[in-house]
Amino acid sequence: MTGKKIVIVGGGAAGFFAAIACAEADSSNEISLYERGSHFLTKVRISGGGRCNVTHACFEPRQFTSRYPRGERALISPFHRFSATDTVAWFASRGVILKEEPDGRMFPVTDSSETIVDCLLTQARRARVNLFTRSAIQQITRRAGGGFSLKSGDRSMECDRLLMGTGGCRAAGDSQLIESLGHSVMSPVPSLFSFHVATPWLLQIPGISLPDVEVSVVDTSLRERGPILITHNGVSGPVILRLSAWGARILHERNYQFSIRINWLPGVEDDEFRALLNTQRDSHPNRHVLNSPLRSIPARLWEQLSLEAGVNRDTTWGRLTRLQVNELTRSVRRAELRVDGKSLNKEEFVTCGGVNLREVDFKTMQSRLVPGLYFAGELLDIDGITGGFNFQAAWTTGWIAGMAMAKHDETA
């Protein structure tokens, strides 16, 4: 049986996984992968601070999909076919062992993303995938008898099946290519970003982190709990990145101008917190309030929160007034900060938006509109929170697309 000519556009995680799966499923297919940049797997190399957060140690598909602000329902069936368990096994069978960290993130035991890059490049070459860099696809047209004609610079190619796996539609050309084939694209907006905050007192204490705070966006239902990091220009950390993911479109519509409330001690109710203050007043009346941080609040943060509550530097616990108790409670439990911009999380570069999910058959990742056209990875309107979820979506959709393209029947 004669194999098919298959072209994969995009040399990232989804494209490579699709190419390898397709080639390993049927070596008679001729598979070529085209990357516009000068290097393959760029995002894999820089992910996780150069360690590559391959996936997340969550092995129940429905629980795993709950980490996707967009794509949760669509991914349930795919994750039953290729889950985080399968990802761990896939890499292990090719000599790459993954380890689980306390927060559930999974990295190669080498703590080097080059381990993952080398594995994918080795497997692709071993499977005889043709690899091309500096090869942007500028034009795609459907052939009358099926398949596609493509142009890259002065070069023209033809293929029977085509996978688009170019990542988020940040480049206008990607959206235009997909729309030229009849698909609709949800406009991309940033996801997974930190918040700029101009509040002077906050900017005095960069580098401070807390393991558990609750942050909400004022006048919305957006609320998350987790670790936070105070930066030189605002706030970041997992709790902020999750908020930005779930609120990607809402915050974009507000032009990244909004207010947040932070509860620095989410495990304590107002009455309990006031009781803590009163205990300090009774037990240590001569101690200075600013020098006596409560619970897990770092000393420098406590000092700034106290000053914001109107507590003077020379105020002792014994002289703390009822008004100051109320203001300290507000400052610690409901600190309000004005956000006036964002910074992309440089390890992720994730966007919300992409190919309309209703136009894709998630059993095969094939277009419902164009026979022989497939999609995988972040090019779809799918994005997850930080922690390995975006890579897992790339592995899963790439594998399903690769396996489907390897079939020779026209319904694949």
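**Close-up views of a predicted model**

**View 1. Surroundings of alanine 127.** Alanine 127 touches Ala23 and Glu24 when residues up to four places away in sequence are not counted, contact meaning heavy atoms within 4.5 Å. Alanine 127 lies in the loop between α6 (113-126) and β6 (130-132), where helices (H or I, at least four residues) and strands (E, at least two) are DSSP runs numbered from the N terminus. The C-alpha atoms of alanine 127 and alanine 25 are separated by 9.8 Å, although these residues are 102 residues apart along the chain. This is a predicted model, in which local features need pLDDT of at least 70 and side-chain atom pairs count only at pLDDT 80 or more, whereas totals for chains, interfaces and linings use all residues. Residues are numbered from 1 along each chain as its sequence is written, and side-chain values use heavy atoms, with hydrogens and water left out.

**View 2. Threonine 231 in its loop.** Threonine 231 is found between β14 (223-230) and β15 (234-236), and counts as buried because its relative accessibility is 15%, the cut-off for buried being under 20% relative accessible area (1.4 Å probe, protein chains only). Its side chain makes a polar contact of 3.0 Å with the side chain of asparagine 233; such a contact is a pair of N or O atoms within 3.5 Å, and within protein one must be able to donate a hydrogen and the other to accept it, with residues adjacent in sequence counting only if both atoms are side-chain atoms. Leaving out residues up to four places away in sequence, threonine 231 touches Pro206 and Ser236.

**View 3. Helix α12 and its cover.** In helix α12 (residues 299-308), the buried residues are Leu301, Trp302, Gln304, Leu305 and Ser306. The elements that cover these buried residues include α8 (200-203), β13 (209-217), β14, α11 (270-283) and α13 (322-333). Just after α12, glycine 310 takes a positive phi of about 85°.

How values were computed:
Buried < 20%, exposed > 50% of the residue type's maximum accessible area, 1.4 Å probe, protein only.
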